[in-house]
Structure formats: structure tokens, C-alpha cells
Amino acid sequence: MTWTRLVRAELRKLTTTNMPWAFLAVLVVISAINAVAVVWGTDFDGTKTFISTAADQQSLIAFASNATLIAGLFGAIAVAREYGHGTVIPTFLSSPRRHQAVLGQLIAVAIGGAVLGLVGATLTTAAVALALPTTEFGFMVPVADVGRVVAAASFAGAAGAVLGAGIGAIVRNTGGAVTGAVLMLIIAPPLIVQLISDASSWVPSALGVALSGVELEAAGVESQASSFEAILALVAWALVPAAIGLLSVQRRDVV
């Protein structure tokens, strides 16, 4: 099969199940939570200074960190369930060169993750903008910064999905893949930071914040990676498990 057909076939698999709708529901819930926070949330002193500046509002709508986690789970489930349902067998039969099939799958999953990030950031931004008129503040984030937030979420979503897909290819079990994604994206980063304090700027959540252009004070950190460094680091986080997954698929039986 050609690359175009491989990717198209994988995209068809992703879009012909209920899984995308389940993740869309999660994105809607998250955006609703942000709107509720704007309407009823306050700081400790009862004021709403957490939305009083453009930097604070940009920090609130920054979705890249969430996109990495959500898309990571998406990628892990999308790949691991193929082994559980046996649908990976006809994939490898139609494309005997397994590395091509896996790469096609990774590309499709990356596209899906990017879409999740884009939709999540757009819904969150819209929810916050619609909720702000209930307060004394208006929406202050410039269009260029909104565009950066959306672009960062899309990129982080693609990276997270590839990371999750790599874990799914390694584990080949949906429950185990989800557990692996949670360990790598939620549990491991704080432990790494405790062991290596300088690593605080290089875990996925911090990289997503940096890529979104959130200012240091609004992010509540003393230092962060540059946008270029954040891109390279997120790519590394994604490609390492993906490469291991690709090698494991090539060296073992399909089932």
C-alpha cells in the first residue's frame, strides 16, 4: 500500500468508532469547567485577580498541557485496542513491511491528536470568552496570542498522541497502555523533578505552558524553556516511546 492509502486507512479506523466522540465529550467538559471557574471562581481574598490581566487569561486558556495528556491517552487506546480486537492483523497482511504500517499509524494518530488539541483549545478559549461578561473583566488576550495557544495545543496534541501510540505498540493491551501513558505523563514527571530539580522545565506539562507563551509570573515558575527548546523536547518525549514501539513491533509476532 502507498503512504497515502496507509494513512487514510488508519484515519478511517479512528473516525469510524465512538472513541473520538468520547474524547470530544471530555473536551466539552473541560471547557465547561473553565467557564464555571471564571463565573464563580475567586482568589483567596474573594477577588477575581486570576483573570484580571491578559497574561492571566492566556494562562487560563492555555491548553497544551491538557492536550498532551488527553491525546496521549487517545494514542495509547487507538493503537493498543488494535491488538486486542485483532484488527492489526489485516493491517500487517495488507502492508507486510511492518515499519511502514506502524509509521502510517503514527501519522494518523498524530493528526488525530493535533485535532483534539486544536478543538480543546478553541472550546476552552470560547468558553472563557463567553463567561467573562459575567465578571467585571473583558477578554484581553490578543488574537496573535490566542493563535499561539491554539497552535501550541495542536502541536502538543500531536506529540502526546505519538507518545501514547508508542506505549500502546509496546504494551499491546488497552488497560496497560492507558496505565503506561498515565505513568509517563502524570506520575513520572513530578518524581523526575524531585530527583532532578533542573528537570522542572523539561517535563511535558511545563513544555506545553512554555510553548503556549504563558509568562513566567502567570505560570508560577522561575524559568522555562524557549519555544524552540519546548518543541524539540516534546518531539523527544514523543519519539522515544514511538521508536521503541516500532522496534518491538518489527521483532515479535503480531499476536
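Student: Which residues of α2 are buried?
Tutor: Please keep in mind that this is a predicted model. In α2, the buried residues are Met 19, Phe 23, Leu 27, Ile 30, Ser 31, Asn 34, Ala 35 and Val 38. They lie on the same side of α2, because the arc they cover around the axis is only 165 degrees.

Student: And which residues are exposed on the other side of α2?
Tutor: Trp 21, Ile 33 and Trp 40 are exposed there.

Student: How far apart are the end C-alpha atoms of α2?
Tutor: They are 32 Å apart. Helix α2 covers residues 19–40, and its 22 residues should span 32 Å at 1.5 Å a residue, so the two values agree.

Student: What span does α4 have from its first C-alpha to its last?
Tutor: α4 reaches 31 Å with its 22 residues, which is close to the 32 Å expected at 1.5 Å a residue. After α4 comes Gly 86, with a positive phi near 80 degrees.

Student: Staying with α4, is Thr 68 buried or exposed?
Tutor: Thr 68, which lies in helix α4, has a relative accessible area of 4% and is therefore buried, the cut-off being under 20%. Leaving aside neighbours within four places in sequence, Thr 68 is in contact with Ala 156, Gly 160, Leu 185 and Pro 204.

Student: What about Ser 65, and what does it touch?
Tutor: Ser 65 is also placed in helix α4, residues 64–85. Not counting residues up to four places away in sequence, Ser 65 touches Ser 205, Gly 208 and Val 209. Its relative accessible area is 24%, so Ser 65 is partly exposed.

Student: Where is Arg 172 found?
Tutor: Arg 172 is in the loop between α7 (143–171) and α8 (174–195). Its relative accessibility is 25%, so Arg 172 counts as partly exposed.

Student: What is the phi of Arg 172?
Tutor: The phi of Arg 172 is positive, about 65 degrees, although Arg 172 is not a glycine. For context, most residues other than glycine have a negative phi.

Student: Now the packing. At what angle do α6 and α11 pack?
Tutor: Helix α6 (residues 98–131) and helix α11 (residues 227–251) pack at about 145 degrees, and their axes are 9 Å apart. The crossing of α6 past α11 is right-handed.

Student: Which residues meet there?
Tutor: From α6, Arg 98, His 99, Val 102, Leu 103 and Leu 106 meet Ala 242, Leu 246, Val 249 and Gln 250 of α11. By class, this contact of α6 with α11 comprises 6 nonpolar, 2 polar and 1 charged residues.

Note on methods: Residues are numbered from 1 along each chain as its sequence is written. This is a predicted model: local features need pLDDT of at least 70, side-chain atom pairs count only at pLDDT 80 or more; totals for chains, interfaces and linings use all residues. Side-chain values use heavy atoms; hydrogens and water are left out. Helices (H or I, at least four residues) and strands (E, at least two) are DSSP runs, numbered from the N terminus. The expected span of a helix is 1.5 Å times one less than its number of residues. Buried means under 20% relative accessible area, exposed over 50%, partly exposed in between (1.4 Å probe, protein chains only). The arc is that of the directions from the helix axis to the C-beta atoms. Axes are lines fitted to C-alpha atoms, for helices over the stretch in contact, and angles run from 0 to 180 degrees between N-to-C directions. A crossing is left-handed if the near helix is turned anticlockwise from the far one by less than a right angle, and right-handed if clockwise. Contact means heavy atoms within 4.5 Å. Ala, Val, Leu, Ile, Met, Phe, Trp, Tyr, Cys and Pro count as nonpolar, Asp, Glu, Lys and Arg as charged, and the others, Gly among them, as polar.
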